Amino acid sequence: MVKETKEPLLVDGKEVTASKVFSNTTKSGTVDVEININAAELSLAGKDVVVFETLTSETDGTTIAVHHDINDEGQTIKFPEIKTKASDATTGSNIVEAKEDMKIKDTVSYKNLIKGKTYTMIGKLMDKETGKVVLDDDGKEVTASVKFTADAEDGTVDVIFEFSGVKTAGKKIVAFETLEYKGKEYAVHADINDNDQTVLIPKVSTTASDKNNGTHMSYAGKDVTIVDKVEVKNIVAGREYTLKGKVMDKKTGNPLLVDGKEITAEKTFKANGENETVELEFTFDASALKGTTTVVFENLYEGENEIGTHADLEDEGQTVEIPEIGTTLIGKDSQIHVINADEKITLVDTVKYKGLEKGREYKVDGVLYDKETKQPLEIDGKQVAKASAVYTQEELEKLDKQNRRKSGVR
């Protein structure tokens, strides 16, 4: 019988029954009657089943005794049921930041346990995409368990997963739980598509470039604008988020300062889907920043809670160079800065560069200036000398190595 409905338990429309014929040799004794059912197929989780017994005589078929008490605990079999809800252990949100000290709480609601008995709840985190157990940053499976004594038939217990999960960025993680009593499994909740069991781990990736030229290089001018294109993965549509960005000095690893102030930007947006692309602009005076390598860091927030970050000083996608050049002018024949003014001469200007982007072609233009007048050097109204050369970045590197060898620098 199903205690809740007080109706017989049915399989394919038929009552579940069993019987056993026995002969007694004493007035008192016991006999076992086995009833075989598939509890999973019958969806008995969370239900009580009560066994009713009737004793009849095999001789004449008359009823000798019955035991039909729907409230008799001795006749009752309990089928436990568990459900879970996973969240960030600190914020309570279903969005969790990928970091070294991750803490996910799975609150397991249980039903139909025996009060006073001690159970074990065993959990593991699953990767929704692969269907495999999530691995921490050290390559170990992320699992957790807790022993508890049921204070009542129904209640809740928290299973806490603590692990380093920087590499989990971009994943959807599902908490699976198993209830055991004395080493035997009594209930399982393992639904890879259950949203309540699922937490989202956002992933933030960025591509920074100069607004004017679209490259990873900015001219050291008065008004420079770096555009950071930020791609955010694994957020919830309809919720509001804030991106906060900061320009860093790669050499020092500290925020880049202009007039003593950090260069920052932020934008609040409402997500239209799980993945969003947002652009932040950083405008600043770069005239004193020749030779500086800048890296843009981004942090993603939901309310006051940080839920994602991209802060890698070595990420070329986040990097914008502010190139610097310097030159050394000598006579080609004399190889010094002093040249005979009575002869035809060839000057070589060695241009030293820093912060050029690989894979591009560059043009170097040179003009001789009169130091006294600070104007291009002219004879009969025409510039005395003007030269240019086109190089790829790789060719420039080759020339630089050759010049360093000539000067004895390695």
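Okay, quick definition before anything else: two strands count as paired if DSSP finds at least two bridges between them. Strands themselves are DSSP runs of E, at least two residues long, numbered from the N terminus.

Now, what we have here is a predicted model, where local features need pLDDT of at least 70, side-chain atom pairs count only at pLDDT 80 or more, and totals for chains, interfaces and linings use all residues. Residues are numbered from 1 along each chain as its sequence is written, and side-chain values use heavy atoms, with hydrogens and water left out.

So, confidence. pLDDT is the predictor's confidence in each residue, from 0 to 100. The protein averages 84, and 79% of the residues score at least 70. A contact, by the way, is heavy atoms within 4.5 Å. Residues 406-410 also fall below 50, with 2 such contacts.

One is open, with 3 strands in the order 7-8-11 and antiparallel pairing. Strand 7 runs antiparallel to strand 8 (residues 102-111), and 8 bridges join them. If you want one to click on, Thr84 has Val108 in strand 8 as its bridge partner.

Next sheet: another open one of 3 strands, order 15-16-22, antiparallel. Strand 15 (203-210) and strand 22 (276-284) are the edge strands, pairing on one side only. Strand 15 pairs with strand 16 (residues 224-233) over 8 bridges, in the antiparallel sense, and Ser209 is opposite Val227 in strand 16.

Then there's a hairpin: strand 23 and strand 24, with 2 residues between them, and Gly303 in the turn has a positive phi of about 65°. Strand 23 (residues 292-302) and strand 24 (residues 305-310) run antiparallel, joined by 5 bridges. Tyr301 faces Glu306 across that pairing.

Pockets come from a 1 Å grid over the protein atoms alone: an open set of points where a 1.4 Å probe fits, with protein on both sides within 12 Å along at least five of seven lines, and lining residues having an atom within 4 Å of a point. How many residues line the second largest pocket? There are 44, and Ala18, Val33, Phe52, Glu53 and Thr54 lie nearest its centre. Strand 3 (48-50), strand 4 (53-56) and strand 5 (63-67) each supply at least two lining residues.

Key: Helix = DSSP H or I, 4+ residues; strand = E, 2+ residues; numbered from the N terminus.
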